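Open your viewer, get ready to select a few residues, and follow along stop by stop.

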Amino acid sequence: MTYDDSNVFAKILRGELPCHKVYEDDETFAFLDIMPRADGHTLVIPKTSAMNIFDVDTETLCTTIKTVQRLAPVIRNAMKADGLLIQQFNEEAAGQTVFHVHFHIIPRWAEVALKPHAGDMGDSETLAANSEKIIAALEAA
Ligand code: 5GP
């Protein structure tokens, strides 16, 4: 399989699909997952085309994880989370559903169960409110 630039994240990067963006720099882009496993569930993607761990170049991977690390404390503070789950799926058998490499940042609270992966759509008002919280925390950081 080769990279297919009709995947939804490529469309989001090109501005062809809307998203709740929380962060962008020259190399990476971060936005809320539309089917959040928890409030504030954020996806971090490189702007470079790569499917997953098997074809991404090391520099792109490092740049992307740097953005994950930069956003992690911001998201934890914004969402008042007890911790964060960082997930990254490779190939369908491992649960990957969108073939543009990405990291999930999922806030966790001690008493709140994790929702299923790619389960129910989040409601747009809650997604908007959570993205505003994260953007405000980024601006304050
Ligand atoms: P994967 O299963 O590939 O690790 O994760 C893909 C993620 O993308 C899933 O958690 C799914 O909810 C999310 N997703 C799928 N389509 C869209 C979309 O159109 N917009 C956004 N923001 N997230 C999406």
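In which loop is the place of Ala-118? Select Ala-118 and you will land in the loop between β5 and α3. Helices here are DSSP runs of H or I with at least four residues, strands are runs of E with at least two, and both are numbered from the N terminus.

Before moving on, two notes on what you are looking at. This is a predicted model, in which local features need pLDDT of at least 70 and side-chain atom pairs count only at pLDDT 80 or more, while totals for chains, interfaces and linings use all residues. Residues are numbered from 1 along each chain as its sequence is written, and side-chain values use heavy atoms, with hydrogens and water left out.

**Stop 1: two positive phi angles**

Stay on Ala-118: its phi is near 50°, a positive value in a residue other than glycine. Ala-118 has 38% relative accessibility, so it counts as partly exposed. For this label, buried means under 20% relative accessible area, exposed means over 50%, and partly exposed lies in between (1.4 Å probe, protein chains only).

Now select Lys-80, in the loop between α2 and β4. The phi of Lys-80 is also positive, near 50°, again in a residue other than glycine. Lys-80 is exposed, because its relative accessible area is 68%.

**Stop 2: where two helices cross**

Colour helix α2 (residues 58–79) and helix α3 (residues 124–140); their axes come within 9 Å and cross at roughly 120°. That angle makes α2 oblique to α3. The axes are lines fitted to C-alpha atoms, for helices over the stretch in contact, and angles run from 0 to 180 degrees between N-to-C directions. Under 35 degrees counts as roughly parallel, over 145 as roughly antiparallel, 65 to 115 as roughly perpendicular, and the rest as oblique.

Which residues make the contact? Show Leu-71, Val-74, Ile-75, Ala-78 and Met-79 of α2, with Asn-130, Lys-133, Ile-134, Ala-137 and Leu-138 of α3. Contact means heavy atoms within 4.5 Å. These residues divide into 8 nonpolar, 1 polar and 1 charged. In this grouping, Ala, Val, Leu, Ile, Met, Phe, Trp, Tyr, Cys and Pro count as nonpolar, Asp, Glu, Lys and Arg as charged, and the others, Gly among them, as polar.

**Stop 3**

Thr-67 counts as buried, at 4% relative accessibility. Leaving aside neighbours within four places in sequence, Thr-67 is in contact with Tyr-23, Asp-25, Thr-28 and Val-44.

Next, select Ala-30 in strand β2 (residues 28–32). Is Ala-30 buried or exposed? At 0% relative accessibility, Ala-30 counts as buried. Not counting residues up to four places away in sequence, Ala-30 touches several residues, including Val-22, Tyr-23, Leu-43 and Leu-71. Thr-42, 12 residues away from Ala-30 in sequence, is 6.7 Å away in space, C-alpha to C-alpha.

Finally, find His-100 in the loop between β4 (83–87) and β5 (103–108). His-100 is buried, with a relative accessible area of 1%. Beyond its neighbours within four places in sequence, His-100 is in contact with residues that include Tyr-3, Phe-9, Pro-46 and Met-51.
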